[in-house]
Amino acid sequence: MKKKLTTTSLALGNLKKRKKQYITLLVGIILAMVFSSGTLFFISCLFSSQNELWRVRYGNANYIAFELTEDNFAKLDAQSNLADYGLAHVLGYGYTEEQEKGSVIAWLDDYAKELYAPVLLDGKYPESVGEIAAEQDALLCMGLADKQIGDTVSLHLQVQDGPDHRLTDAVEKTYTLVGILGDKRKYINNLDPEKDGYVPAIFTCAGAQTEIGGKEALSAYLAVRKGAAEHLDLSYMNFTSVDQNRFGDAFTSLLEKSVFSAVMSGVLMLASGLGIVNAFNSNLSERKKQIGLLRAVGATRRQIIGIYGRESFILSLISAPLSLLISYFGVKLITGFMDDFVFLPSWRVLLGSLAASLVFVLLASLIPLFAASRISPMQAIRNTELSRKMRRMKIRSKKLFKVPKLLAKRNLKFYRLRMALTSLILAVAVFISSYAFTYLLSASYTVMFDDYHIGLGADQSFEPYCNTIRTIGYTENDKQTLLDDPLVASVNGKVAINAVITADHYTDYMRLLNYNLSYSLFDDDFVQNITAETYGELDAHEAAAWTDFKEKLNLTNAAAVSVAAQDEPVVAGLAESVVEGRIDLDKLNSGEEVVLIAPKELWAGLHFLDVGAGYYLQVYPQKITIDGEELTWTETATLDMHVGDALNLTVVNIDDADENGFITENYTRRDKTVRIGAICYTADYTFWPDGGSQCGVITTMDGLRKLTDTYKYKFLNVTMAGEVTAEIDADMMRLIDRITSGVPSDVQSAYQLAQEERQSRRQMMIAISAIVILMLSVAGSMINNALTARIREGKREIGTLRAVGASASDLVRSYVIELLHMLGIGSTVGFAGFFALWFGEAMGDWLKYHFTEKPVFETLSLWQTLLGVLLLFAVCAFNLWRQIRKQMKYSIVENIREL
Amino acid sequence: MANIIECHALTKEYLSGESVVKAVDHISVGFAQGEFCAITGPSGSGKSTFLHTLSSLENPTSGRVIYGGEDLSKYNDNQLSILRRRRFGFVFQAYNLVQELTGYENILLPVMLDKKKPDEKYIDKLIDMLGIGNRIGHLPSALSGGQQQRIAIARALANKPSILFADEPTGNLDGKSGREVLSLLKYVSREFGITLILVTHDLGVAEQAQRVLTLADGKIIRDSKVGDLA
C-alpha cells in the first residue's frame with residue numbers, strides 16, 4: 001500500500017533527498033540555537049549569581065535593627081510587613097589591646113542564622129560555651145589573622161549591659177577558635193560605616209550568657225514581605241538597610257561581565273539569525289521551480305509554508321538537544337572562569353531556552369518562507385519576475401566588450417538589490433571593525449602617580465564649614481607600618497579639613513568663595529531656581545544651618561574654605577606655582593604661616609541647564625563657555641589678599657547635628673591667626689582630597705597640628721622602591737588589608753589597575769575581533785550564498801557560455817569581478833563612513849573649543865580590517881572557483897538541460 | 001571529398017537506475033565540407049546525444065571524433081573551448097541566449113570570448129540576412145521565439161565556423177517561423193560553405209537535407225543521400 005501524501009511526508013521527503021544541502025543549514029541552525037539559548041542561560045546566570053553573591057556578602061536579611069529596647073521590640077513584633085526575623089543575642093564587644101579594634105560578640109538564634117547566612121570557610125559553627133567562630137576581617141583587624149582552627153584566642157571583652165550600653169571595665173576572656181567565617185560585617189560596614197560598632201562578626205554558641213554584671217542586648221535580622229519594603233517603618237530604632245540597590249562595585253562588575261557576555265551572545269544570535277535567513281533564502285531560491293510546480297498543481301500559500309516550515313521545524317527539533325548541550329556546557333565553562341558567577345539553571349530556564357531557540361529559528365526561517373510562498377507558479381518556473389525586471393531596464397548594446405566584465409556588470413545591475421544588501425552588511429562590518437580597532441587601540445591606560453592609593457571609602461565630612469569629631473582615618477602608626485616595609489620608598493599622607501576664614505569686612509572675593517559652595521550655604525530651593533533676575537537676592541537666602549552656625553559661633557564676615565595638609569616634600573613641590581612670597585617650611589611647621597591657594601579672579605556665572613531645569617550657579621577662575629555656550633556672568637572679584645596679610649582661621653569640630661542640620665552645643669572651636677606666606681593661583685587637584693576646591697589653605701602636617709587637633713589621614717599614597725611584581729603586590733595588599741581592616745577604605749593598586757586594564761583590553765580585543773570576524777563571516781556567507789545560488793540558478797547560462805566557447809577561467813573571472821564589486825562597494829562605504837565619523841569627531845572637538853587647539857585625530861588602525869576584507873575575498877574567490885569547477889564537471893548538455 | 005569531421009565507433013552510455021542505456025551505439029560516420037546532413041529518428045533513438053558527442057558538448061563513453069584530422073579525445077577542456085568558439089557553431093531548440101546580454105552582444109559572444117576584433121561587415125551582413133536589424137538592441141526576454149532563434153543562428157555563425165550543429169532548431173517555433181529559420185540555415189550554410197548537421201524529428205525538414213541519417217536504438221539504420229539542395 002502506498003503511503004499517504006501529506007505536507008509532513010513531503011517535508012520529510014525533501015529532507016531525505018537533500019541531505020547534503022541541509023548540512024550547512026543544520027550547522028547554521030545549531031549555531032543560532034546555541035547562541036539564543038546561551039543568551040538566556042547568561043541572563044539566568046546573572047540572576048542566580050546576583051542572589052548568591054548577595055547571600056554570601058549580606059545574607060538574606062533586608063534590614064538589621066540594633067540593640068532593641070523593649071518598646072521598639074514590641075513595635076517590631078507587631079509589624080505586619082515582616083516576613084521573618086531572627087535575633088542576635090549581643091554579649092559584648094571583643095578586642096585586642098594591640099589593635100584596639102574588634103567586633104561585637106553575639107550568638108544567633110536559628111532564624112537569625114538563616115537570615116544572616118554565615119559562610120563557614122573552615123572549621124565548624126560553635127556548639128559549646130567558650131567556642132567562637134569569627135569572620136576573617138574581624139580576625140585581621142584584631143591582629144589574629146594567623147590563628148588556626150583550635151587555637152586559643154584571648155580578648156578584652158566590654159560586657160554588654162542592655163541596649164546601647166556596655167560596662168566600662170573590660171574583662172579578659174579566652175575562647176577557642178572553632179570556625180572561620182566569610183566576611184559580612186566588612187561589606188555591611190562599607191554600606192553604613194556608622195554601624196561599625198553594632199554588627200557582630202564573632203559568634204558564640206546558642207544560649208551563651210553574658211558575663212556577671214552584664215545583660216544581653218537583642219539585635220534583629222529582618223526579612224520584609226515582598227513589595228512591603230516601602231511600608232516598613234523602622235525610624236524609631238537604630239537600624240541599617242541591607243538593600244540590593246546599594247550593592248556596590250561587585251554587583252556592577254558582575255552585571256557588566258554578564259551583560260557583556262549576554263550582549264556578545266545576542267550579537268552572535270542576531271548574526272546567526274541573519275545567516276539562517278540567508279541560508280533558507282538560498283535554499284528556497286534554488287527550489288523555486290519545485291515551489292512553482294507545487295503551486296501549479298494547486299498547493300496554497302499556506303501549504304507551501306506548511307511544507308517548508310515543517311522542514312525547518314524538523315531541522316530545529318533535530319538540532320535542539322545538541323544545541324542545548326553545547327550552550328549549557330559552554331556557559332558553564334565560561335562562567336567557571338568568571339569570579340563570583342554561579343550557574344544554576346532551573347528546569348524552567350532549560351525549557352524556556354529550548355522554546356526560545358525553537359521560536360527563534362522558526363521566526364528566522366519564516367522571513368524567506370513568506371517571500372517564497374508569494375511567488376506565482378509561472379514566476380517560479382520561468383523566473384518571469386526577472387524577465388519583467390530586465391524588460392523595464394534600459395540597456396545599451398556594447399560593440400566591443402570583455403565577456404566576463406560585461407556579464408558581471410549586467411548581473412550586478414539585474415540583481416542589484418541582493419548585491420546592495422550584501423554590500424551593506426559588509427559596510428557595517430568594515431565600519432565597526434575600523435572604529436573598534438582605531439579607538440580601542442588608541443585608548444590610553446590610566447596613569448597613577450603612586451603605586452598604591454589608600455583612601456577613606458565613605459565621605460565623613462558634615463558641611464563644608466565644620467568637621468565631625470568622630471573622624472575615622474589612618475594613624476601615624478599605620479603610615480609607619482607601611483614605611484617599615486623595606487620595599488616601600490615613601491608614604492605620603494593627606495589630610496583635609498573644613499574651616500572658616502573671617503575678616504573685618506565681607507569682601508566681594510569672600511562672597512564669591514561662598515557662592516562656590518552655594519549648594520551648602522544657601523537655600524536649596526532658591527539656588528535651584530536661581531535666574532539672572534533673582535540672582536541679586538542670593539545673599540538674603542542663606543541656608544538656615546549656615547546662619548545658625550555663624551550665630552552660635554559669633555562669626556561675622558565668614559567664608560568657608562578647605563585646609564589641606566601634606567608631607568613636607570609635597571608642599572615644597574608647590575614652589576613652582578607660587579606667584580607671590582615663598583614657601584618657608586619651618587614657618588609652615590610652626591603654624592606661623594600658611595600657603596594660600598586662590599585664583600587671581602573669581603567669576604560667578606549662571607549656566608542655563610535646560611528648559612524647565614533652571615540655572616546652575618558656579619564660580620570659575622576665568623570666563624569660560626560650556627558646550628560652546630557663554631554663561632550669564634553676574635559678578636566678578638579680584639584677589640585682595642596678599643603675602644604678609646593676617647588670616648583668621650576658625651576650625652569647628654562638632655559631635656552631631658540636629659534634625660534641621662543645626663549644630664548641637666557639643667562642639668569644640670579653635671581660632672588661630674596665621675600669616676599668608678605664599679600665594680598660588682592654583683594647586684594640583686591632588687592637594688584637595690575632597691576635590692573641587694579652587695581656594696583654600698595648604699600647610700604641612702606639623703603646621704596643621706598647630707592649627708587644630710590632630711586629624712587622622714584621609715589618604716595614604718605609597719610609592720614603592722622598585723618595580724611591583726605579582727608577589728610584591730600580593731604582600732602589599734596583605735599589609736594594606738591590615739591597616740584598612742575596620743576602616744571602610746578604597747584601595748587602588750597601580751599594578752592591579754594596569755593588570756585589569758590590560759586584561760580588560762585583551763578581553764575587548766577578543767570580543768571585538770570575534771564580532772568583527774563574525775560580521776565578516778556573515779557578510780562572506782551572504783556573498784557566497786548569493787553567488788553560489790546564482791551559479792546554481794544559472795546552470796543553463798553556464799552551459800550556453802561553455803557551448804559558445806567560454807572556458808572555466810572566463811566564467812570564474814566573471815564571478816570574481818562581481819565579488820570584487822560587492823567587496824569594493826561594501827568596503828568603500830564602510831571606510832568612508834568611518835572616516836567621516838573620525839574626521840567629524842576631531843573637527844567637532846576643534847570647533848567646540850573655538851579653534852584654540854588643533855583637531856586631535858586618533859591614530860588609525862585599519863590594517864586589521866583590510867586584512868579581514870582580503871581574507872574574505874580569498875575565501876569567497878576560492879569558493880567561487882570551487883563552485884564553477886563543480887559545474888564544469890557536468891557536461892555542457894547537462895548544464896543546459898538543468899538536469 | 002574528404003570528411004571535415006568523422007567519428008569511429010562512437011558510443012555514449014547512460015546509467016538509468018541500475019541498468020546501462022546505450023544512447024549511441026558504436027556509430028562510425030563522416031561528414032563532408034559544406035554538406036547539409038539531417039539526423040532523424042524516433043524519440044529516444046539517440047539522435048540528439050549523437051549530435052552532442054560529435055560536437056564535443058558531451059564526452060563519449062568510447063570511440064573517437066576526428067576533426068580536421070585531429071583526434072578530439074586528446075583535447076583538454078581549454079582546447080575544446082577554443083575549438084567550439086572558433087570552428088563550431090551551435091543552434092539549440094530552446095535558443096539558449098544569455099539573458100543578461102542584448103541580441104547584438106549575444107551575436108558577438110564567441111568573437112569576444114576569442115578576444116578578436118569583430119568583422120563588422122560580416123556581422124552586419126549576417127544581421128541583414130537574418131532580418132533582425134531592428135531587434136538586436138533588445139534583451140532576449142523582449143524578443144519572440146523566432147527572433148531569438150535568428151539571433152542564436154547569427155551567434156553560431158559570428159566566428160565563421162566550419163560546422164554548424166543544430167539540435168531541433170525549429171522545434172519550439174510555429175510552422176511559418178520554423179520554415180523561415182530552416183531556409184536561413186540552408187542559405188547561410190550554402191553561402192558560407194559551412195557543414196550543417198541538423199537533428200530533427202520532422203521528416204519535412206529532413207527531406208530538405210542532402211543527406212539523411214536515420215537512427216534507431218543508438219545505431220544508424222539508414223544513411224541516404226537525397227540529392228542537391230533545392
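How many helices and strands does the secondary structure of chain A come to?

1. Chain A has 28 helices and 26 strands, taken as DSSP runs (H or I, at least four residues, for helices; E, at least two, for strands) numbered from the N terminus. The model is predicted, so local features need pLDDT of at least 70 and side-chain atom pairs pLDDT 80 or more, whereas totals for chains, interfaces and linings use all residues. Residues are numbered from 1 along each chain as its sequence is written, and chains are lettered from A in the order in which they are written.

2. Of the 899 residues in chain A, 39% are buried, that is, have 20 or more other C-beta atoms within 10 Å of their own, with C-beta atoms placed from the backbone.

3. In helix 8 (residues 288-296) of chain A, the buried residues are Ile291(A), Gly292(A) and Arg295(A). They line one face of the helix, because they fall within an arc of 100° seen down its axis, the arc being that of the directions from the helix axis to the C-beta atoms. Gly298(A), which follows helix 8 of chain A, has a positive phi near 110°.

4. Helix 9 (residues 301-337) and helix 10 (residues 347-373) of chain A pack at about 150°, their axes 9 Å apart; axes are lines fitted to C-alpha atoms over the stretch in contact, and angles run from 0 to 180 degrees between N-to-C directions.

5. Contact between chains involves 30 residues of chain B and 28 residues of chain A, a contact being two C-beta atoms, placed from the backbone, within 7 Å. On the chain B side, helix 2 (77-86) and helix 3 (103-113) of chain B each give two or more residues.

Conventions. Buried ≥ 20, exposed ≤ 12 C-beta atoms within 10 Å, placed from the backbone.
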